[in-house]
Amino acid sequence: MTATGSPRRLNVPLPAKVRADARGRPLSVDGRAVDAVRESWVVEDRWWTDAPLRRRYWEVVTTTGELLVLFRELDGAGGWHRQR
């Protein structure tokens with residue numbers, strides 16, 4: 001709850017500037033080089049609705065030691081976002 005008493009969303013995805021190789025593997029995130037990719041997975045959800053969700057997630061470690069979770073929309077605009 002916020003100070004006004006209304007609920008707020010947690011872990012809201014933020015737009016991210018990602019440079020990726022030809023296969024879509026992140027090489028840098030917001031100007032920080034990716035040191036390692038720990039995991040990658042696809043989420044397909046809400047396929048039964050008018051707004052299905054299809055994303056490829058990447059868990060990466062940057063050269064500064066940050067652990068980040070990124071995703072790219074596989075349908076529609078295809079933009080990159082940072083989940084944490």
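Student: How many salt bridges does the count come to?
Tutor: The count comes to seven salt bridges, where a salt bridge is a side-chain nitrogen of Lys or Arg within 4 Å of a carboxyl oxygen of Asp or Glu. This is a predicted model, in which local features need pLDDT of at least 70 and side-chain atom pairs count only at pLDDT 80 or more, while totals for chains, interfaces and linings use all residues. Residues are numbered from 1 along each chain as its sequence is written, and side-chain values use heavy atoms, with hydrogens and water left out.

Student: Which residue does R55 form a salt bridge with?
Tutor: R55 pairs with E73, and the closest N and O atoms are 3.1 Å apart. The pair links distant parts of the chain, since R55 sits in strand 5 and E73 in strand 6, 18 residues apart; strands here are DSSP runs of E, at least two residues long, numbered from the N terminus.

Student: And is R55 buried or exposed?
Tutor: R55 counts as buried, because its relative accessibility is 16%, and buried means under 20% relative accessible area, exposed over 50%, and partly exposed in between (1.4 Å probe, protein chains only).

Student: What about D75 and R54, where do they lie?
Tutor: The side chains of D75 and R54 meet in a salt bridge at 4.0 Å, N to O. D75 lies in the loop between strand 6 (67-73) and strand 7 (80-82), whereas R54 belongs to strand 5 (residues 53-62), so the pair ties together parts that are 21 residues apart in sequence. D75 is partly exposed, with a relative accessible area of 40%, and R54 is also partly exposed, at 32%.

Student: Which residues are linked in a network?
Tutor: A network of salt bridges links D30, R32, E66 and R82. Within that group, the side chains of D30 and R32 meet at 3.8 Å, N to O; D30 is partly exposed at 35% relative accessibility, and R32 is partly exposed at 23%.

Student: Switching topic, in what order do the strands form the sheet?
Tutor: Seven strands form an open sheet in the order 1-7-6-5-4-3-2, with antiparallel pairing, and two strands are taken to pair if DSSP finds at least two bridges between them.

Student: Which strands stand at the edges?
Tutor: Strand 1 (14-15) and strand 2 (18-20) stand there, each with a single partner strand, so one side of each is left without a neighbour in the sheet. Three bridges join strand 2 to the antiparallel strand 3 (residues 26-29), and A20 stands opposite P26 in strand 3.

Definitions and conventions: Helices (H or I, at least four residues) and strands (E, at least two) are DSSP runs, numbered from the N terminus.
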